[in-house]
Amino acid sequence: MVWIDVIISIILYAVFGAIGISVIKKNKTLRNFSNKKNLIVLSIIYVLFIALIFRNEPEVTDFVDQIILSLGNYFATYLGAIIAVKIVIKSKTIFCKEFYYSLSGSIGLGAVVLFLFYAIGY
């Protein structure tokens, strides 16, 4: 059952990445924001945000569990962004400028979904 959740998460983040590519390509401000430096900072904030949201999960006993769970979720986000780039762009290289757009979309829309399901749900 856990593997089904993981696969669904990766597919969802790939869809978010594809949306990110299409939206950010059309917006100059978002294109300028989606660079390596900003995404490193955004990724760290996203992992901490996920850890904060997962603090009420039954299997989480301490902060280390929160970080491990959030890193797992971030891995799904990252993998979804890579899949979106390979499907949408069909580029031979993964880490092109569209990857940053895809990762931005995956993180942004993923944060909104996680907030809606976990933060408001409790």
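**Pocket, core and a buried threonine**

In this predicted model, the lining of the largest pocket splits into 15 nonpolar, four polar and three charged residues.

Q: What makes a residue of that lining count as nonpolar, polar or charged?
A: It goes by residue type: Asp, Glu, Lys and Arg are charged, while Phe and Tyr sit on the nonpolar list.

Q: Which elements give two or more residues to the lining of the largest pocket?
A: Those are helix 1, helix 4 and helix 5. Helix 1 supplies the largest share, nine residues, and the pocket's volume is about 650 Å³.

Q: Why is Thr77 called buried?
A: The cut-off is under 20% relative accessible area. Thr77 comes in at 0%, so buried it is. Thr77 belongs to helix 4 (residues 63-88), and its contacts beyond four places in sequence are Tyr13, Tyr46, Leu103, Ser106 and Ile107.

Q: Which residues have the most contacts inside the largest nonpolar core?
A: Tyr13, Tyr46, Tyr74, Phe99, Leu103 and Leu114, in a core of 23 residues. Helix 1, helix 3 (36-53), helix 4 and helix 5 (97-119) each put in at least two, with helix 5 giving the most, six.

Technical notes
Residues numbered from 1 in each chain as written. Predicted model: local features only at pLDDT ≥ 70, side-chain atom pairs only at ≥ 80, totals over all residues. Heavy atoms only, no water. Helix = DSSP H or I, 4+ residues; strand = E, 2+ residues; numbered from the N terminus. Buried < 20%, exposed > 50% of the residue type's maximum accessible area, 1.4 Å probe, protein only. Contact = heavy atoms within 4.5 Å. Core = buried A, V, L, I, M, F, W, Y, C linked by side-chain atoms within 4.5 Å. 1 Å grid on protein atoms, 1.4 Å probe; cavity = no way out; pocket = protein on both sides within 12 Å on 5 of 7 lines; lining within 4 Å. Points joined across faces, edges and corners; volume = space filled by probe spheres on them.
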